[in-house]
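I opened this entry to keep track of what I looked up, and in what order.

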Amino acid sequence: MTYNLLREKKGLIFGALDENSIAWKVALRCHEEGASITLSNAPIAMRMGKIGELAKMVNAEVIPADAISTDDLQKLVQRTIEINNGPFDFVLHSIGMSPNVRKNKPYTDSNYEFMAKTMDISALSLHKIIQTCYQLDALNENGSILALTYIAAQRVFPNYNDMADAKALLESITRSWGYHYGVKKKVRVNTISQSPTYTTAGSGVAGFDIFFNYADGMSPLGNATADECADYCVSMFSDLSKKVTMQNLFHDGGYSFTGVSEKMMQLFNEKE
Ligand SMILES: NC(=O)c1ccc[n+]([C@@H]2O[C@H](COP(=O)([O-])OP(=O)(O)OC[C@H]3O[C@@H](n4cnc5c(N)ncnc54)[C@H](O)[C@@H]3O)[C@@H](O)[C@H]2O)c1
């Protein structure tokens, strides 16, 4: 079902690697809802991923940018303004990577160069993207910026490793920029805290199958899918959520506020 919620809106979407990426689904939904889109990803992801296919489907230009490079971001945002003949309305930050996770370094034996890279790519990149937009006055009034996060920012999930610390920083950056950009131009900044989802980044976390099933069993509504996340992003980019800002919005079927579910109790009971 489409509602034309993003008619005449223009957006910049980071992080679509392949058809499983959450950003991929968000781009498709935004296009269906009438938005014009520009896509970006790291130069290496352009070679390895399938973003070109998505670009054709949503009629978008793809602009490579390493999200930790302020020079790349400057060029990207300037080009996005050119494409749109002026400022645009929304940004999706759907970027995450931890070299410690990739190289199976446990949290208790973290490599600090890797950890700095985790923070830069997965959290500071949001600061850099927003600062670039702010300084170039790239967003229209009532614009909306979203970043994707995970509940490991608030609760311990041992295998989520230093990504948990990166997500805590990402959520803090969201609040700080939500204040500054709100005062300057009524631009909202929020995070969506998504259920475990089968994607390249998600499945890279050790034991992913187990915590996917655990979360599903705990959530009264079951895990939220990537398509459902895309729907939620559309509503947050639309004018229907103009006064929501500086929030971490759980999109997890109720997992975050469930202590224990009858399903899980039954499971433990069976094991006795
Ligand atoms: N999959 C999950 O279970 C889950 C749950 C909650 C939140 N998230 C978050 O959703 C977001 C999107 O991840 P996904 O699950 O769709 O996986 P994904 O692997 O499809 O997307 C991650 C993206 O980050 C991009 N990226 C990495 N380094 C970059 C850099 N230097 N510059 C620019 N882009 C870079 C990758 O190319 C890729 O497109 C991430 O922030 C992730 O932490 C995922």
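I take helices (H or I, at least four residues) and strands (E, at least two) as DSSP runs, numbered from the N terminus. The model is a predicted one, in which local features need pLDDT of at least 70 and side-chain atom pairs count only at pLDDT 80 or more, while totals for chains, interfaces and linings use all residues. Residues are numbered from 1 along each chain as its sequence is written.

**Met-119.** I looked up Met-119 and found it in helix 6. For burial I call a residue buried if 20 or more other C-beta atoms lie within 10 Å of its own, exposed if 12 or fewer, and partly exposed in between, with C-beta atoms placed from the backbone. Met-119 counts as partly exposed because it has 19 C-beta neighbours inside 10 Å. Leaving aside residues up to four places away in sequence, Met-119 touches Leu-124, Ala-166 and Leu-169, where contact means that the two C-beta atoms, placed from the backbone, lie within 7 Å.

**Confidence.** The predictor's confidence in each residue, pLDDT, runs from 0 to 100. The chain averages 96, and 99% of the residues score at least 70. Confidence is lowest in helix 8, at a mean of 85, and highest in strand 6 (residues 188-194), at 99.

**Helix 3.** Which residues of helix 3 are buried? In this helix, residues 51-58, I find Ile-51, Leu-54 and Val-58 buried; they lie on the same side of helix 3 because they cover an arc of only 55° around the axis, the arc being that of the directions from the helix axis to the C-beta atoms. An α-helix has 3.6 residues a turn, so residues three or four places apart point the same way. The buried residues of helix 3 pack against helix 1, strand 2 (36-41), helix 2 (43-48) and strand 3 (61-64), whereas the face turned away from the buried side carries the exposed residues Gly-52, Glu-53 and Lys-56. After helix 3 comes Asn-59, with a positive phi near 60°.

Helix 1 is mostly covered, with 9 of its 11 residues buried, among them Lys-25, Arg-29 and His-31. Gly-34, which follows helix 1, has a positive phi near 100°. A nonpolar core is a set of buried Ala, Val, Leu, Ile, Met, Phe, Trp, Tyr and Cys residues joined through C-beta atoms within 7 Å; the largest has 67 residues, and those with the most contacts inside it include Ile-13, Ala-23 and Cys-233.

**Positive phi.** Asn-104, in the loop between helix 5 (99-102) and helix 6 (112-135), has a positive phi of about 55° although it is not a glycine. Asn-104 is exposed, with 8 other C-beta atoms within 10 Å.
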